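Work through the following exercises on a ligand site. Each task is followed by a stepwise solution.

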Amino acid sequence: MRVIGLMSGTSYDAVDAAAADLERGAEDGVLRLVPLGMVSEPYPADVREALAAALPPATTTLAEVCRLDTRIGQAFAALASRADRELCAGRAELIASHGQTVYHWAEEGRVHGTLQLGEPAWIAERSGCPVVSGFRPRDVAAGGQGAPLVSLIDLMLLRGRPGVPAALNIGGIANVTVLPAGGDPLAFDTGPGNALIDAAVRELSSGKRAYDAEGALAAAGRVHEGLLERLLSEEPYYRIPPPRTTGKELFHAGYLRARLAGLGELRPQDLVATLTRLTARTVADALRPLAATEVFVSGGGVRNPALMAMLREELGSAAVRGSQELGLPAGAKEAYAFAVLGYLSLHGLPGNDPGCTGAAGPRVLGSLTPGSRPLRLPAPAGRAPHALTVGAPPGGTPPG
Ligand SMILES: Nc1ncnc2c1ncn2[C@@H]1O[C@H](COP(=O)(O)OP(=O)(O)O)[C@@H](O)[C@H]1O
Ligand SMILES: [Mg+2]
């Protein structure tokens, strides 16, 4: 089955679409993914601005939520159609849309709700394909964190590897999935990924720059130990036992401003170096007790060499590898993961790993919006696949 996965993370830098052919082995419990490539588009400038103005800690109105839901759905729809044309020869059969997270209602380690915008009707209307969307709430309703949902896919990719393999995604927030030898798998958000780095760069450049391009500022700066210590010791989130998840409701520009109070002038490069070290340190602190031996990294953070160098230092003997070594390019992994989650939902298969999200049990995730034809569901698959293998795309390495 040819599936398109659509994703925009908490950085809301761009909407990503990845296309894949997915086939389930009848006997062996293996799901086979052939990557067809990815396309990506930044949000239109006015949508991005409206989103930035509405996100916490700002307040907004239901009128604005309605406008955003529509405009984000339209942006996802436009990209899905492009992906169908350019990657699928117009033969996509299913679209899986994560939507845009605008609020993750987490309190003291429990998640009570999570809201993703991007009305799927726009995607179904424009592409003609059925759409699976709204993946997270079912896991929350079953007592889980609703995240990190990519953990199920990570586990399918990591199973069978020697030692203690882990997957790390560095988006706005950083999350890990760990498969301890003989122990139960674990997945959780470690804390900020790029969120605080981006917030600082945006403030320092009066909004002209959105991130520390190639980690240049961090590489030129020195870590301010006092600030680092304050950021680590004053944040209770890092001490909540897993499963735990967070979002930019916590790690935003105002959070950073409050932590900087009373420290005097910091050189911009020192501030960015300190925040970059904070991400590397909190990831390593989270992985150390689990004794991870190899870490497959994905997400936009991979494009920051200063962050990757600090991560290698902090992780010590654990091997730091790119997720492309598992077949999925760093910038496309999450979109591919949602394509797989959409496939699983359509086939009546669970999309959560309860041990990772904290849900009471495995659940079939999401809601289905019919495409241009009446909805025809495949017969529910019996056994859930335990492994995901990534095959070669037609013509070599997938783009992205
Ligand atoms: N060339 C680059 N140099 C440094 N950082 C980058 C670069 N490209 C992307 N990033 C970082 O990656 C982030 C986007 O990563 P992404 O995985 O898309 O996050 P999310 O899932 O939250 O959208 C950007 O906000 C930025 O911080
Ligand atoms: Mg992104």
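Domain bounds are taken from an automatic or database domain assignment. This is a predicted model, in which local features need pLDDT of at least 70 and side-chain atom pairs pLDDT 80 or more, while totals for chains, interfaces and linings use all residues. Residues are numbered from 1 along each chain as its sequence is written, chains are lettered from A and ligands numbered from 1 in the order in which they are written, and side-chain values use heavy atoms, with hydrogens and water left out.

**Exercise 1.** Describe the shell around ligand 1.

Step 1. Near means a heavy atom within 4 Å. Of the 18 residues around ligand 1, the nearest are S11, G172, D198, E214 and G300.

Step 2. Sorted by class, 3 are nonpolar, 10 polar and 5 charged; Ala, Val, Leu, Ile, Met, Phe, Trp, Tyr, Cys and Pro count as nonpolar, Asp, Glu, Lys and Arg as charged, and the others, Gly among them, as polar.

Step 3. Domain 1 (2-151 + 329-390) and domain 2 (163-325) each supply at least three residues of the shell.

**Exercise 2.** Is N304 buried or exposed?

Step 1. N304 sits in the loop between β10 (294-298) and α11 (305-315); helices (H or I, at least four residues) and strands (E, at least two) are DSSP runs, numbered from the N terminus.

Step 2. N304 is buried because its relative accessibility is 6%, where buried means under 20%, exposed over 50% and partly exposed in between (1.4 Å probe, protein chains only).
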